[in-house]
Amino acid sequence: MWLNLLIISVLGFFAAAVDAIAGGGGLISLPALLVIGVPPHLALGTNKFAACTASLNSSITFARSGKVHVPLVKWQIPFTFIGALLGVWAVLSVSSQFLNKAVLVLVLIVGIYTILHKNLGMENKFQKLIPSKLIAGCFFALALGFYDGFFGPGTGSFLIFSFIALFGFDFVVASANSKVLNFVSNFASLILFAWNGKILFLYGIPMAISMILGSFLGTKLAIRRGAALVKPIFITMSLLVAVKLIAQYL
């Protein structure tokens, strides 16, 4: 019992720190619950509960530092929420095998593209919010909210990449914006997990506490070190998501 709590607390802290910087923390936190014997359906709900508290903490810390672009994100929040609810409902009746393969290709493209374009996201090139890009941003929020509710892996990478490619934000602002939307999609999914009794609070609460601490550390590091820290971690976590997906076919 105590060993299990230690495992999920340590790995949860590390997962949240990494996730606050560049996404991908679920690659660490979800396996941590599975390895101590939590059944998959309960592991998903418990992980979502802990991750939701961590993403909320990161969102607040980023917002206080002025890194969140509120004029854009405020429009994207309702689309993300609706998308996530639709995603959770859809996963109950639709096979995720095709989506799994499609995401593998997309996440590899994102990682490789970021590696090849050395200056991508290193400077904040955002100028102003125009209607066409706002509409595109809301569409991406809806689509990625749906994806997070339906499947999940790589959501943070896709969100960060969309903010950089579409609006010209640097990695820090893109990461800050993505954490807000990630919290919204996590919260929407959490509602349905809680409604169906899929959260194991015995592990969820201590894991949430450790993840809050980890997210605080990761967010502060991202703000202080800037894109020079966020970009390499972003690339690493994107490629690790791809490796995870490839491993499912071996």
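## Aromatic pairs, cores and a surface patch

Counting ring pairs in this chain gives 7 aromatic pairs. One of them is Tyr147 with Phe158, an edge-to-face pair with 5.9 Å from centre to centre and 70° between the planes. Those two numbers are what you'd want anyway: a pair of aromatic rings is described by the distance of the centres and the angle of the planes. The pair ties together distant parts of the chain, with Tyr147 in helix 6 (residues 131-150) and Phe158 in helix 7 (residues 155-167), 11 residues apart. Keep in mind that this is a predicted model.

Are the two partners buried or exposed? Tyr147 is buried because its relative accessible area is 6%, under the 20% cut-off. Phe158 has 12% relative accessibility, so Phe158 is buried as well. Elsewhere, Phe163, Phe167 and Phe169 form one aromatic cluster.

Now for the overall layout. Of the 250 residues in the chain, 52% are buried. Take the contacts between residues at least 6 apart in sequence: 85% of them join residues at least 24 apart. The accessible surface of the chain is about 11,900 Å², and carbon and sulfur atoms account for 73% of that.

On to the inside. The largest nonpolar core has 33 residues, and the ones touching the most other members are Phe163, Phe167, Phe169, Phe171, Val230 and Phe234. Helix 1, helix 4 (70-91), helix 6, helix 7, helix 8 (171-195) and helix 10 (227-247) each bring at least two residues to this core. Which helix gives the most to this core? That's helix 7, with 8 residues. There is also a second, separate core of 20 residues, with Ile8, Ala50, Leu190 and Met207 among them. As background, in soluble globular proteins, nonpolar side chains tend to be buried together.

Helix 2 (residues 26-35) has its own buried set: Ile28, Ser29, Leu30, Ala32 and Leu33. The cover over the buried residues of helix 2 includes helix 1, helix 3 and helix 9. Just after helix 2, Gly37 adopts a positive phi of about 100°.

Leu33 turns up again as a contact of Thr46, a residue of helix 3 (residues 40-64). Thr46 has 1% relative accessibility, so Thr46 counts as buried. Setting aside neighbours within four places in sequence, what is Thr46 in contact with? The list is Leu33, Lys198, Ile199, Leu200, Tyr203 and Gly204.

Helix 1 (2-22) and helix 9 (201-225) each supply at least two residues of the patch, and helix 9 gives the most, with 6 residues. A bit of helix geometry is handy here: an α-helix has 3.6 residues a turn, so residues three or four places apart point the same way.

| Residue | Relative accessibility | Class |
|---|---|---|
| Thr46 | 1% | buried |
| Tyr147 | 6% | buried |
| Phe158 | 12% | buried |

Key. Residues are numbered from 1 along each chain as its sequence is written. This is a predicted model: local features need pLDDT of at least 70, side-chain atom pairs count only at pLDDT 80 or more; totals for chains, interfaces and linings use all residues. Side-chain values use heavy atoms; hydrogens and water are left out. Helices (H or I, at least four residues) and strands (E, at least two) are DSSP runs, numbered from the N terminus. Rings of Phe, Tyr and Trp (its six-membered ring) pair if their centres lie within 6.5 Å; planes under 30 degrees apart count as stacked, over 60 as edge-to-face and the rest as tilted. Buried means under 20% relative accessible area, exposed over 50%, partly exposed in between (1.4 Å probe, protein chains only). Contact means heavy atoms within 4.5 Å. A nonpolar core is a set of buried Ala, Val, Leu, Ile, Met, Phe, Trp, Tyr and Cys residues joined through side-chain atoms within 4.5 Å. Accessible areas come from the Shrake-Rupley method with a 1.4 Å probe; for residues, only the protein chains shown count as cover.
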